[in-house]
Amino acid sequence: MSTNNNKEASKDEVSQNETPIKLVTVHGTGAGDVTSSGDKWWQLGSVFMGELQTRLALDPAHVEIVPFQWEIGPNSEDKRRAAGFALAEQLKSYDEAKQDYYLIGHSHGGSVIYNALLKSVANNAPFERLKLWCTVGTPFLDYRPNTFLFQRLRSIGLTIYTTGIVALVLGIWILLMTMFKPEVNQDFVTLGYAMTLYGAITYVCLWLYEARKKSWFSKKQKQQAEQLYRKSWCGLWHKEDEAISALSNVQNISAPIIPNSFLMPIVAGLQFGLVIFVGLIFAFDLAFNDGEMLTYFVSAEDGTEGFSIGGITFSIAFEILLIWIPATWVLTKLLSVLAFLFGRPMAYILNKVIWTSIQKRAWGDDLLKEDVHAISSHPPQFAHKCDFLDEAIAEPLRKHSEKNAIKTLHKVRLVLGMSESAGASPDIRTELTDSLNWQELIHTSYFDVPAFIDLLADSLKQAGLVSLDK
């Protein structure tokens, strides 16, 4: 009986060993393609894939490379999460087929993988056959739910919320005011109670509705992901990685774009407009009212009308010197003070709005109910952290990017130095973009440096990715 069991077990082992292992590659932002074959690092047939297969001596019959495509890789957290959820479904199918799998994600491709892990925690279905998930130069964004309810609502909900809060405040105010009057109209008291009750019910209903539709990953779920997947995580990143540094630093930028004095130029415009306005009044007065207003200003001291060319000229000169210039000076000072007083808070608000928009654009932050709390080289709530690359690997990466940067600088200088008469394209932005090969950055050079490929291959080998016939 035991012999038969052993034979059945050995058959199961053989069957399992013959099941292809999956090596899933996940591209980053803007690095996608319509096909899974090509010259990009994550595609089948790329130089990197050839180098990796050679180093690991991978047998295609036992190890299947699976490029995971998520459109072109839009800079959108909403799209990254949708891609992560799709990846989670794909990995779950590998679990069901009892296939081991390894994941490599570059840049926000690592974010897609992390979202897949969080999805497995949220579904209470952790990945069983995951052997290694390697993130390369991934800036992990820690999203947390917005503090206030109104920050999570769209137009209809926000409208209901606003009316409810206004009713609540007015209702409480009415009730407070009626407390200090000996004789109060009972209708006002009823109105106060009704508005307060309406506001409270509206807020509670909206809060419950939003709580039921909670879409974010909680802190507890992130901690569970750390407990489940920290040992299988391999984080590879250069300490000078431009994406990680840039996305982290943009959070702290607050230099004023709009100065406090931005309203000052309006002062001259207001003065000029006032002069034109007064001139038009006198022009209409002369045309339609026989100059009665102007005659009043130039009338003689005894009350007789001194409506003559000489009288008008003298009177206008007198008014300009003694009335108009002092009045304009006082008006200028007043407008300047007002422009500064109003300009300072307006500049602060506008700068805040501009920088917030820039930050959200850089992060791809298009979620309504959440905001970026922190950016790091390791996943949120991970106590286990991978240090940046050793200098033996960091230095070749640095030299590779610097070598290409010198070539690109020459091309950029040619583009900037060309004039339209020399036949240069007027679209300088397109010219500069075409001059880049993306090897100028460390962030996009990892898979072109042999020392890094050696490190990645060694990490996969230590996690068990070797040919089954070896």
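Is His108 buried or exposed in this structure? His108 is buried, with a relative accessible area of 4%, where buried means under 20% relative accessible area, exposed over 50% and partly exposed in between (1.4 Å probe, protein chains only). The model is predicted: local features need pLDDT of at least 70, side-chain atom pairs count only at pLDDT 80 or more, and totals for chains, interfaces and linings use all residues. Residues are numbered from 1 along each chain as its sequence is written, and side-chain values use heavy atoms, with hydrogens and water left out.

**Overall architecture**

- The chain contains 14 helices and seven strands; helices (H or I, at least four residues) and strands (E, at least two) are DSSP runs, numbered from the N terminus.
- Of the 470 residues in the chain, 37% count as buried.
- Among contacts (heavy atoms within 4.5 Å) between residues at least 6 apart in sequence, 81% join residues at least 24 apart.

**Surroundings of His108**

- His108 is found in helix 4.
- Leaving aside residues up to four places away in sequence, His108 touches Gly28, Thr29, Trp70, Asn75, Arg80, Pro139, Leu141 and Leu247.

**Nonpolar cores**

- In soluble globular proteins, nonpolar side chains tend to be buried together.
- A nonpolar core is a set of buried Ala, Val, Leu, Ile, Met, Phe, Trp, Tyr and Cys residues joined through side-chain atoms within 4.5 Å.
- The largest nonpolar core has 33 residues, of which Leu23, Tyr446, Phe452, Leu456, Leu460 and Leu465 touch the most other members.
- Two or more residues of this core come from each of strand 1 (21-26), helix 2 (47-56), strand 2 (63-68), strand 3 (101-106), strand 4 (130-136), strand 6 (233-236), helix 12 (391-417) and helix 14 (450-462).
- Helix 14 supplies the largest share of this core, with five residues.
- Leu456 touches Phe48, Ile104, Cys134, Leu236 and Phe447, when residues up to four places away in sequence are not counted.
- A second, separate core holds 29 residues, including Val24, Phe68, Ala88 and Tyr229.

**Nonpolar surface patch**

- Met264, Leu334, Val337, Leu338, Phe340, Leu341, Phe342, Met346 and Leu350 form a nonpolar patch on the surface, with about 800 Å² of accessible area together.
- Patches are made of residues with over 30% relative accessible area and no salt bridge; like charges are joined within 9 Å, and nonpolar side chains (Val, Leu, Ile, Met, Phe, Trp, Tyr) within 5 Å.
- Helix 11 (residues 309-363) gives the most to the patch, with eight residues.
- Leu341 lies in helix 11 and is exposed, with a relative accessible area of 52%.

**Salt bridges**

- Side chains of opposite charge can pair when their charged atoms come close.
- The whole structure contains 17 salt bridges, each defined as a side-chain nitrogen of Lys or Arg within 4 Å of a carboxyl oxygen of Asp or Glu.
- Lys79 and Glu71 meet through their side chains in a salt bridge (3.9 Å, N to O); Lys79 is partly exposed at 37% relative accessibility, whereas Glu71 is exposed at 54%.
- Arg129 and Asp100 form a salt bridge (3.0 Å, N to O).
- Arg129 lies in the loop between helix 4 (108-122) and strand 4, and Asp100 in the loop between helix 3 (77-96) and strand 3, so this pair ties together parts that are 29 residues apart in sequence.
- Arg129 is buried, with a relative accessible area of 16%.
- Arg398 forms a salt bridge with Glu240, the closest N and O atoms being 3.1 Å apart.
- Because Arg398 lies in helix 12 and Glu240 in the loop between strand 6 and helix 8 (242-249), this pair ties together parts that are 158 residues apart in sequence.
- Arg398 counts as buried at 12% relative accessibility, while Glu240 is partly exposed at 35%.

**Cysteines**

- A search of the whole structure finds zero disulfides, a disulfide being a pair of cysteine sulfur atoms within 2.5 Å.
- The cysteine sulfur closest to that of Cys134 belongs to Cys234 and is 3.9 Å away, too far for a bond.
- Cys134 is buried, with a relative accessible area of 0%.
- Cys386 is in no disulfide, the nearest cysteine sulfur being that of Cys234 at 5.7 Å; Cys386 counts as buried at 15% relative accessibility.

Note on methods: Areas by Shrake-Rupley, 256 points an atom, 1.4 Å probe, with all protein chains shown as cover.
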